[in-house]
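Here is a short report on salt bridges. Have the sequence and the model open as you read.

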Amino acid sequence: MKPSTLLEVAQRAGVSTATVARVLKAKGYVSEVARSRVEAAIKATGYRPNAVARGLRQQRSFTVGHMLTAITANPFFVNVAHWAEEEALVEGYKTFLFNHNGSAERERLGVERFIERRVDAVLFTNAIDRHNVQLLTEAAIPVIQLERAATVEAPSIRVDNLTGSLQAIAHLVQLGHRRIAFIGGDPELINRGDRHFASVEDERLAGYHEGLRQAGIPIDENLIRLGRYYHVEDGGSGIEGYRHVKALLELPERPTAIFATCDILAAGALQGIYEEGLRVPEDLSIIGFDDTLAANLAPQLTTVAQPMEDLGRLGFRAALDAIEGRSVDMSTVLPTRLVVRRSTATAPHPKS
């Protein structure tokens, strides 16, 4: 059966082809009566826009590649990818996902696949090797880096991690906590990105240090546990947080609160706390970071929410601006938000 055309839809609806195009793109004024007739004609004819022909006319593929770290290991990447895709669909674009799983070699393979597919732009959440980013820019394919920046040569949309950490520590201090532990990513183990920017891990640790300093609380190195957030190969389990909290609870004077800089770390810590027969938040308060798993844990986790929807939507909008030749800010920083739930409470009174 021969596919219907835009002209056939217009003739059936009794409108111009320009009106049909405005309805399809959801751009420009169309009366409600005309819109209803066009939508009915599209349904009746089974019309589907010819993306290939549109791409040939405009020298575009109407696709955007999205390079992700590990979509199955961390819900953060799922959320950013979802909102980028939602924004892309509004503009008639598709997104192609590729997971590098922490491997620069696999990342390069994904970049080569994007170039072969002639994508119009690429989002990275997150890039590992700046040389892989350069491959795309050398091919005249715009790149937008999300959450982290591997190079200053491509625009980035990042997050204010330092302020997020300050918010978490201030909340715990306000509740009377003074022995506040830190479980987070080790800056020496995790991709730091471009040295022009402080790494995510450095910023979150700096916020912890500054929060304690502002409260007049001395830093106890025994309360700081650094490592990986999770391992891609085990599907992003909370084993790292579990191990860290077990060590913290063996201290002669255990903490009364923990700031875990990833909800996955916090989830593992909650398991370890439960095994020790302690209650959250009665015996120990805990705060996470991301707001991915937080609402589904028991108790529901107080956490620093990352602006995942904004990262995805603004990331695609920046890519579209670059595709269409508009200027794009080279560096954008988005705010975080503290979400208070049930895992934090007033510090327990010391036992006499």
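## A pair within helix 9

In this predicted model, E210 and R213 sit together in helix 9, which covers residues 200-214. They are 3 residues apart, about one turn of the helix.

How accessible are the partners? E210 is partly exposed, at 25% relative accessible area. R213 is exposed, at 55%. The cut-off for exposed is over 50%, so R213 passes it at 55%.

## A pair between helices 5 and 12

E87 and R313 also meet in a salt bridge, at 2.5 Å from N to O. This pair links distant parts of the chain. E87 belongs to helix 5 (residues 75-90), and R313 belongs to helix 12 (residues 308-323).

Is E87 buried or exposed? E87 is buried, because its relative accessible area of 11% is under 20%. R313 is partly exposed, with a value of 23%.

## E324 and R326

E324 pairs with R326 in another salt bridge. The closest N and O atoms are 2.6 Å apart. Both residues count as partly exposed: E324 at 34% relative accessibility, R326 at 40%.

A search of the whole structure finds 20 salt bridges.

Conventions. Residues numbered from 1 in each chain as written. Predicted model: local features only at pLDDT ≥ 70, side-chain atom pairs only at ≥ 80, totals over all residues. Heavy atoms only, no water. Salt bridge = Lys/Arg side-chain N within 4 Å of Asp/Glu carboxyl O. Helix = DSSP H or I, 4+ residues; strand = E, 2+ residues; numbered from the N terminus. Buried < 20%, exposed > 50% of the residue type's maximum accessible area, 1.4 Å probe, protein only.
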